[in-house]
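Keep the 3D view open while you read.

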2 protein chains.
Amino acid sequence: MSTEKCHANGKSSPAPGPVPEGHIRLYSMRFCPFAQRTRLVLNAKGIKYETINIHLKDKPDWFLQKNPLGLVPTLETPAGEVIYESPITCEYLDEVYPEKKLLPSTPFGKAQQKMMLEHFSKVPYFYKIVMGKKNGDDVSGLETELKEKLTKLNEDFANKKTKYFGGDSVTMIDYMMWPWFERLEILPFIFSCLDNTPELAKWTERMREDPAVKATSYSLDTHKAFYKTYADGKPDYDYGL
Amino acid sequence: MSTEKCHANGKSSPAPGPVPEGHIRLYSMRFCPFAQRTRLVLNAKGIKYETINIHLKDKPDWFLQKNPLGLVPTLETPAGEVIYESPITCEYLDEVYPEKKLLPSTPFGKAQQKMMLEHFSKVPYFYKIVMGKKNGDDVSGLETELKEKLTKLNEDFANKKTKYFGGDSVTMIDYMMWPWFERLEILPFIFSCLDNTPELAKWTERMREDPAVKATSYSLDTHKAFYKTYADGKPDYDYGL
């Protein structure tokens, strides 16, 4: 597991060499929900990849040279091509690796998944609520919005009458949404929202059985422990290693 | 030109019938920069389409039934499929209509265009600055950010050493960015930013010669006149008809 340790700036973290042929490299952070999207797709499609975890509060210079925005997830290919922004990395992987296609083959099917992702990205980011509470801000507006949006999502999902958001098997949109649901349980007051969204709760249970979800998930205790260090302003990216 | 008039709610705007076979329908607003993206792509690709302009302050119920978010641009096909969010509509059109492909054929080429669009979408929306000024807000931070981002965009573009953002011919990314540059001149204090971004200024001049840009643009006077009604809170969507 020691290779999982994050790379910070300085002499102790020399720049990695070129990406081995036949592999792709993921720059990641173990607890980042955006990076988990890419990890889910890499695992679901059985792609050979290596991971380099980044210390997001002390990013190596060599990482900033590859991606000046310093974002994770970032992909790097053996040819030195660099791809970032989670939905872009996931679509790239689905196009390059034809095994187990996660996006539909029709243009309208793809458009539908992208529209669902746009809707989902308008659900308030729940960390904002927790951090706001911690800072003594009034977050009641955000809380109401979160509940409303989850209720609407539940309703839209119920109307589909399918097991997953893109049909009766897991597709890209499920992986794009999953990382936030995996973390909901950290936050009891938000998790209780799911009591009023029974269809989303059932989807969550189905998703927990997915092999890629199992391969990329952390336990609730680990999430909670990392989250505590994050909320305290000193995120321990290597928690549990 | 009377068919260009916008549809408001009420008996005077009955729901349109099905989309004719062999055509696609665009729900639009003549001065909306997001809808212009889709109009640019429709024109560049020579797609047969019909336009229904929407009164954005009094949306017809039948429009909200098709797209509950009430957004323009929205596309509708003869099969009744509905597609919205400007980048999604444009990618859909590029996939369905093979003539004159606007996105690169390689997955990495596509990813590059999407990453450029992400960068561009982080440039502050200049209307916010103008409306902020009007309301007496302190917009100095936004102005500084806009200038910095345009300078960076100019620098990145200069480094490409190509005539357009995707190479030496117009591609999707140019059309995604153009509508905001067409409107910059409305706002003298922002337009003067281009004095310090000579490569962007040259790109702007080249884009004005593009047939799809010519087909979808309005004159500076028309933009200014519409903008005035917008800033006054009573947008005249039919200005000039």
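Start at Pro73(A), which sits in the loop between helix H2 (61–66) and strand S3 (74–76) of chain A. Helices (H or I, at least four residues) and strands (E, at least two) here are DSSP runs, numbered from the N terminus. The peptide bond joining Val72(A) to Pro73(A) is cis, with omega about 0 degrees. Chain B has a cis bond from Val72(B) to Pro73(B), with omega near 0 degrees, and Pro73(B) is in the loop between helix H2 (61–66) and strand S3 (74–76) of chain B. For background, most residues other than glycine have a negative phi, and most peptide bonds are trans.

A quick word on what you're looking at: this is a predicted model, where local features need pLDDT of at least 70 and side-chain atom pairs count only at pLDDT 80 or more, while totals for chains, interfaces and linings use all residues. Residues are numbered from 1 along each chain as its sequence is written, chains are lettered from A and ligands numbered from 1 in the order in which they are written, and side-chain values use heavy atoms, with hydrogens and water left out.

Now zoom out to chain A as a whole. It splits into domain 1 (24–101) and domain 2 (107–231), with bounds that come from an automatic or database domain assignment. In an unreviewed UniProt entry, residues 22–101 of chain A carry the annotation "domain: GST N-terminal"; positions are given in the numbering used here, feature names are shortened, and such annotations may be inferred rather than shown by experiment. That stretch is 36% helix and 20% strand.

How do the two domains of chain A meet? The C-alpha centres of domain 1 and domain 2 lie 21 Å apart, and 18 residues of domain 1 are in contact (heavy atoms within 4.5 Å) with 21 residues of domain 2. Together they bury about 1800 Å², 67% of it from carbon and sulfur atoms; buried area is the accessible area (1.4 Å probe) that two parts lose on being put together, summed over both. On the domain 1 side, Phe31(A), Arg37(A) and Leu40(A) lose the most area, together 37% of what that side buries. The rule finds one salt bridge across this interface, meaning a side-chain nitrogen of Lys or Arg within 4 Å of a carboxyl oxygen of Asp or Glu. The side chains of Glu91(A) and Lys114(A) meet in a salt bridge at 3.4 Å, N to O.

Keep Lys114(A) in view as you turn to chain B. Lys114(A) also forms a salt bridge with Glu91(B), the closest N and O atoms being 3.1 Å apart. Across the interface of chain A and chain B, the rule finds six salt bridges. On the chain A side, strand S4 (82–84), H3 and helix H4 (107–121) each supply at least two residues that touch chain B, and H4(A) gives the largest share, eight residues.

In all, 20 residues of chain A are in contact with 20 residues of chain B. The two chains bury about 1900 Å² between them, 67% of it on carbon and sulfur atoms. Ile88(A), Phe108(A) and Met115(A) supply 27% of the area that chain A buries here, more than any other three residues.
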